[in-house]
Amino acid sequence: MLLAQPAQVLAESINLSQVLRGVLQEQPSLALAALNESVRRIDDMQRQSLLDATWGVAFNGSDEKKPSPSPFGSNITNLGVLSVNIRKPLANGATLSTTLNYSRTRLRYPASTASIFQSSMNPIYENKIDVIYRYPLWQGHNNPSYHGQARINAEGVAVAHWNVIIQQEQLLAQGIAAYYQLAANEISLRIADDAVHRVALVLRYQRKREAFGLVEAADRLQTEALLATRKATRVQANAALQSSRTALMRLLLKKQTASPLHADTRADINLLPSLLRTDRQLLESAKKRRPVFRMLHAQIAGTEATSSILEDRLRPELNLIGQVGSRALSGLNARTTNDSFDLRDRFIGVGIEFKDTIGKHATKAALARNALQREQAVLEQWQAIEQIRTEIANAHTDLENSQQNYRALQGRMNAEQKKYNAEINRYQEGRSDTATITQFSGDLRAAELQAALQKINIDLARARLLFAAGDFLPTTENLPITEKH
């Protein structure tokens with residue numbers, strides 16, 4: 001009686017929808033992938049360093065003593081210089097810089113030099129303030145390095161994000177496989193229990209007849225051997241079921257001490273609707289939903305942004321330079337400082353600068369490598385399309401074959417059940433033998449097992465088809481796909 005009890009009485013029922021939700025919660029692989037996405041977002045902060053302003057301050061003092069070629073010249077010079085510079089790159093590729101040089105010069109003369117021949121301003125305070133604007137006309141125009149890096153970083157974040165979704169997709173595939181393996185193993189155990197129960201009933205009947213001398217002991221021994229075989233098969237089916245339960249529980253990160261799982265496939269009717277779409281329609285759905293296309297699209301966009309940066313570096317540098325500055329010179333510190341903000345004494349200049357690197361082999365090599373990386377992403381996109389097309393075709397074929405086989409196996413199972421029932425009646429009337437009953441019992445068990453497993457294969461084929469089309473993932477906007485022909 002214990003063997004005849006359903007194996008899932010004490011088990012926790014779980015359906016496919018619960019499995020799909022469960023595998024996406026608290027997974028270490030998803031946490032690691034999400035961490036990588038966070039790292040890529042932080043990397044984008046480094047791009048702002050391209051526009052960071054730099055500044056510096058320097059102070060130099062000196063005391064110089066040397067013979068003067070003129071009898072009226074100084075022989076000792078005390079000099080103190082304060083320099084301040086600020087440089088700010090701009091988003092349009094230009095550079096704005098400001099420099100300030102403030103100096104104090106004191107001259108000392110030999111004792112023999114008359115005061116009338118000495119400098120009238122001593123010490124001398126001098127201040128120079130210059131603002132320089134350097135604008136690139138060719139290389140660096142509109143700052144492709146800054147704006148291109150922004151796009152590269154954005155696409156890098158997108159790649160990391162869609163890689164998380166791909167990890168989720170892989171977990172969903174594992175969950176689907178583990179769930180239907182559990183369902184198949186439960187069916188195998190249930191049918192093994194039924195087979196044990198049928199043989200046990202035959203054996204009980206034989207023992208009664210043997211007590212009255214109506215059957216030989218050899219018939220009973222044959223049935224006992226068959227019962228031992230069915231029990232061994234039942235043990236194997238139970239071991240397979242426990243293994244599949246453990247696999248699904250660990251995929252869901254459930255503890256071993258938790259209640260065992262039972263696949264409630266009856267609740268999957270709404271999740272696995274009839275599929276009326278053609279293979280082409282399913283492929284178009286996959287292009288919109290499957291994350292691999294979003295990730296590869298981001299990779300291609302990233303290589304295009306890199307290409308724009310590298311192509312800019314192949315250009316020669318042609319810079320337009322404008323400079324304006326104030327000049328102040330006085331023997332008084334306060335006056336020199338005040339005159340620094342007056343343009344009566346000033347400097348204005350305009351210049352043009354040309355620079356280029358001969359060969360540029362490093363940039364050309366990087367550009368060629370980037371082109372190959374783009375081509376690789378395009379080929380991977382093409383490969384993904386063909387792989388998904390194969391998945392859809394195989395799943396569609398499996399679904400059609402499974403449905404046809406199920407209908408045929410249902411007919412066989414019904415016929416085997418009628419045949420076995422009729423033979424049992426004949427056996428009870430003494431018109432059949434143990435060998436025939438044993439054979440018919442085995443035929444019925446095989447027919448029941450095949451029909452039940454074929455039903456699971458139908459559900460699995462539907463799930464594979466929906467998975468290939470991306471129906472288990474959130475809808476995403478359609479992106480251009482670069483196909484190879």
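## The cavity

The count comes to 1 cavity of 30 Å³ or more. Here a cavity is a set of points on a 1 Å grid over the protein atoms alone where a 1.4 Å probe fits but cannot get out. The largest cavity has a volume of about 40 Å³, with volume being the space filled by probe spheres set on points joined across faces, edges and corners.

This is a predicted model, where local features need pLDDT of at least 70, side-chain atom pairs count only at pLDDT 80 or more, and totals for chains, interfaces and linings use all residues. Residues are numbered from 1 along each chain as its sequence is written, and side-chain values use heavy atoms, with hydrogens and water left out.

## What lines it

Lining residues have an atom within 4 Å of a point; for the largest cavity they are Arg198, Val199, Val202, Thr223, Leu226, Tyr420, Thr434, Ile437, Thr438 and Ser441. They split into 5 nonpolar, 4 polar and 1 charged (Ala, Val, Leu, Ile, Met, Phe, Trp, Tyr, Cys and Pro are nonpolar; Asp, Glu, Lys and Arg are charged; the others, Gly among them, are polar).

Helices H3 (144-211), H4 (217-251) and H9 (434-469) each supply at least two lining residues. H9 gives the most, with 4 residues.

## H5 against H9

H9 also packs on H5 (residues 279-289): their axes come within 7 Å and cross at roughly 55 degrees. Axes are lines fitted to C-alpha atoms over the stretch in contact, with angles from 0 to 180 degrees between N-to-C directions.

Leu282, Ser285, Ala286 and Arg289 of H5 meet Leu465, Ala468 and Ala469 of H9, contact being heavy atoms within 4.5 Å.

## Overall shape

The chain has 9 helices and 8 strands, which are DSSP runs numbered from the N terminus (helices H or I, at least four residues; strands E, at least two). Its C-alpha atoms fill a box of roughly 155 × 50 × 35 Å along the principal axes.

Terms used:
On a 1 Å grid over the protein atoms alone, a cavity is a set of points where a 1.4 Å probe fits but cannot get out, and a pocket is an open set with protein on both sides within 12 Å along at least five of seven lines; lining residues have an atom within 4 Å of a point.
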